[in-house]
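Here is a short note for a colleague who is new to this structure. Please read the points with the model open beside you.

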Amino acid sequence: MLPVLSDPVGLLYIAVYVGSGLVCLLLIPRARSFDDTEMRTGLFWLLATTGTWGVLKAAYFLVPAPLREPSYTVGLIVGFGTVWSWLYFCSAYTGRNFHRNSTLRRIGVGVFLLVVSAKVTNPIHGLYFTTSEVTSPFPHLAIEHGLLHWSATGLAYVLSAIGVFMIFELYLRSDYDTRPLSVLTVLIALPVVFDIGALLTPSLIDVIYAPVGVAVFATGVLVLFQERLEAVRTVIQDGDTTVYLDGDRRVRDASTRAAELFPALEQATGAPLAEALPEVAAALDTDSVLERAVDGETRYYFVGTDSVGVNDSGAQVLTITDVTDFERQRRQLRRREHELDEQNELYRAIIAASFDFVYRVDPDGRLTFVSASVEDVLGYTSEDLVGRQVDTIASTDEAGEQALEYLDDVADGNALQIRDFPIEHRDGGSVSTDFRVVPIYEAEVPKAERTPADIVGAQGMVRDTTERNRREGLISVINRVLRHNVRNKLTVINGHAKILSADLDGESAESAEQIVESADRLLDLTESARKIEQTRGESLELEVHDIVPIVEEVRSRVEDQYPNVSISVDGPESAVALTLPRIETALFELLDNAAKHSGDAPSIELDVTAGSEQVTVEITDEGPGLPDAEREVLATGTEDPLTHGSGLGLWLAYWFVTSLDGDIESPRTDEGTTVEVGLPTPDE
């Protein structure tokens with residue numbers, strides 16, 4: 001039996017080192033539970049090297065005499081390796097990059113190999129340690145450390161102190177209660193006291209006590225306070241507004257910033273989160289943004305969690321991140337999206353009310369989009385048409401060629417409005433349509449800088465005009481037939497009435513004259529109806545016209561029809577307006593009305609004024625004035641069964657003027673009648 005085993009003090013030393021080594025080795029699986037790879041690696045090697053060192057320390061007392069010095073030397077080498085494992089762990093745990101620095105790593109390897117070489121060659125130079133057999137405090141091989149040992153040990157103490165400093169600096173930054181962790185970190189350096197004491201008293205043997213300190217530290221942080229150890233590190237990584245919760249979601253600690261934001265945390269230690277901070281718990285459970293008033297303004301916070309528990313204990317750190325700027329932008333975008341959705345719905349409603357379907361083509365004339373409503377018009381689904389050339393859906397070859405010409409016009413930057421274009425129906429028939437086509441430009445190009453080269457396609461909006469054309473055709477036929485028959489019969493009536501008027505005397509002659517006058521008025525109505533029929537198919541696009549020649553032409557026509565009328569025209573040489581040729585008919589109807597109802601030798605004034613926004617034509621006569629019923633026609637363009645005009649002339653004038661974006665009115669005057677017609681100018 002070895003002498004050391006019979007001595008209580010020797011057994012104590014062996015037990016301490018064996019226990020320290022085994023504790024470190026047995027805690028390695030718990031070290032692997034850390035999520036962070038680098039921190040886990042550092043802690044693994046710290047426990048592995050320290051555990052091996054502790055076992056080798058115990059073996060030093062137990063192995064045969066020839067193996068004691070080699071055993072001690074190997075232990076010194078492994079022990080010096082714990083320094084680098086400790087530094088690696090401290091750097092990774094505190095979020096630094098020293099352990100990744102290739103230069104520092106190369107220096108570390110160089111220093112380690114240099115010290116190892118000094119230890120391995122100790123049997124040659126004897127400067128690292130010497131040995132001798134002693135009996136106090138128990139029989140063992142005593143170590144007398146030399147200069148090289150104390151130099152290496154001093155370096156190890158300095159490097160270890162750097163790691164301790166990094167950890168304590170992290171504790172201070174965390175704002176958490178780190179007193180238990182601080183005590184454990186101090187204990188890792190406590191064996192230094194025993195190392196120094198061994199130099200001063202023979203009661204302690206000089207064998208280095210560092211494994212004991214690491215074992216105490218590892219036991220404390222991995223068994224008792226691992227969750228808090230991770231919580232402190234998580235605070236530094238994720239920010240300083242954090243709350244530490246245990247597995248039951250009870251508040252265990254909070255950073256200073258968290259306590260400032262939520263004063264209730266000051267008295268909340270041990271309380272469930274749902275009671276201490278119900279709004280935070282609600283935000284966490286619903287994955288929503290926390291809204292809170294801070295210094296008179298609304299700020300927004302995101303509540304996230306990081307698990308710091310071991311074996312599913314559930315401990316976690318709440319990180320409360322200020323996302324005010326992001327949330328404000330998100331809410332602004334949501335409001336904008338809502339507004340855009342409303343606008344899109346409005347546009348869709350307008351298009352649905354104005355057009356039967358919408359399509360889009362690329363620069364090659366290929367359909368890239370057709371709205372689903374096309375099926376109601378053409379029988380094709382949108383899927384049937386997308387990908388086809390636009391000219392293939394025209395009902396005739398001629399129409400197909402025309403469609404391609406239209407696309408060429410759009411490619412030049414023109415917007416087109418086409419009437420009565422035939423499109424093929426799925427059943428082989430033809431559908432008459434009106435459509436408007438506009439170019440689509442590259443979105444990134446500013447509107448003022450767009451050219452035809454920036455056109456990337458065209459969009460068309462289509463209206464089925466089959467029913468409209470059928471109705472208009474019917475109306476046209478009825479109009480022509482009735483007008484033709486009415487005019488023929490009225491001509492006969494008018495001729496016979498004139499004969500009777502010449503042959504009869506007295507009241508009979510007067511009755512015949514009234515028949516003639518009534519027939520003439522009816523003939524005027526048919527002529528007004530003819531004019532409406534003629535202009536019904538005219539373009540709706542206003543054009544630039546000089547009003548002065550039109551006014552002169554109207555005056556000449558009225559003077560030819562009424563030789564006794566006197567018409568004066570006052571105005572500039574030119575007055576340009578946006579209108580259409582049918583404005584001549586409107587002016588003629590107004591001037592004709594003035595000539596008819598202003599006495600035997602009427603005097604009429606025509607004043608033309610060219611303004612910046614309107615060209616105004618004012619017609620003034622000296623007649624009896626416009627009846628209220630006729631004035632109502634010019635004011636509203638409407639009649640009712642009780643009040644109506646005597647003919648279509650004024651209604652026709654109102655309809656023509658207003659359909660040309662103009663306005664017409666007849667202000668009341670003391671004598672005669674004044675009618676004002678205003679037409680827009682190109683500048684306006």
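1. **Basis.** This is a predicted model; local features need pLDDT of at least 70, side-chain atom pairs count only at pLDDT 80 or more, and totals for chains, interfaces and linings use all residues. Residues are numbered from 1 along each chain as its sequence is written, and side-chain values use heavy atoms, with hydrogens and water left out.

2. **Cover of α14.** Helices (H or I, at least four residues) and strands (E, at least two) are DSSP runs, numbered from the N terminus. Contact means heavy atoms within 4.5 Å.

3. Buried means under 20% relative accessible area, exposed over 50%, and partly exposed in between (1.4 Å probe, protein chains only). After α14 comes D287, with a positive phi near 55 degrees.

4. **The whole protein.** The protein has 24 helices and 19 strands. Of its 684 residues, 41% are buried. Take the contacts between residues at least 6 apart in sequence: 62% of them join residues at least 24 apart. The accessible surface is about 36,000 Å², and 55% of that belongs to carbon and sulfur atoms. Accessible areas come from the Shrake-Rupley method with a 1.4 Å probe; for residues, only the protein chains shown count as cover.

5. A cavity is a set of points, on a 1 Å grid over the protein atoms alone, where a 1.4 Å probe fits but cannot get out; lining residues have an atom within 4 Å of a point. Grid points are joined across faces, edges and corners, and a volume is the space filled by probe spheres set on the points. The largest cavity holds about 180 Å³. Its lining has 17 residues, with Y359, V390, A403, F421 and F435 nearest the centre. Two or more lining residues come from each of β8 (357–361), β9 (367–370), α18 (397–411), β10 (416–424) and β11 (430–441). By class, the lining has 17 nonpolar, no polar and no charged residues. Ala, Val, Leu, Ile, Met, Phe, Trp, Tyr, Cys and Pro count as nonpolar, Asp, Glu, Lys and Arg as charged, and the others, Gly among them, as polar.

6. **Second largest cavity.** This one has about 60 Å³ of space. Among its lining residues are L590, N593, D621 and T673. α22 gives the largest share, three residues. The lining divides into six nonpolar, two polar and one charged.

7. **Largest pocket.** A pocket is an open set with protein on both sides within 12 Å along at least five of seven lines. The largest pocket has a volume of about 680 Å³. It is lined by 21 residues; W84, L87, L104, R105 and G108 lie nearest its centre. α5 gives the largest share of the lining, seven residues. The classes are 14 nonpolar, six polar and one charged.
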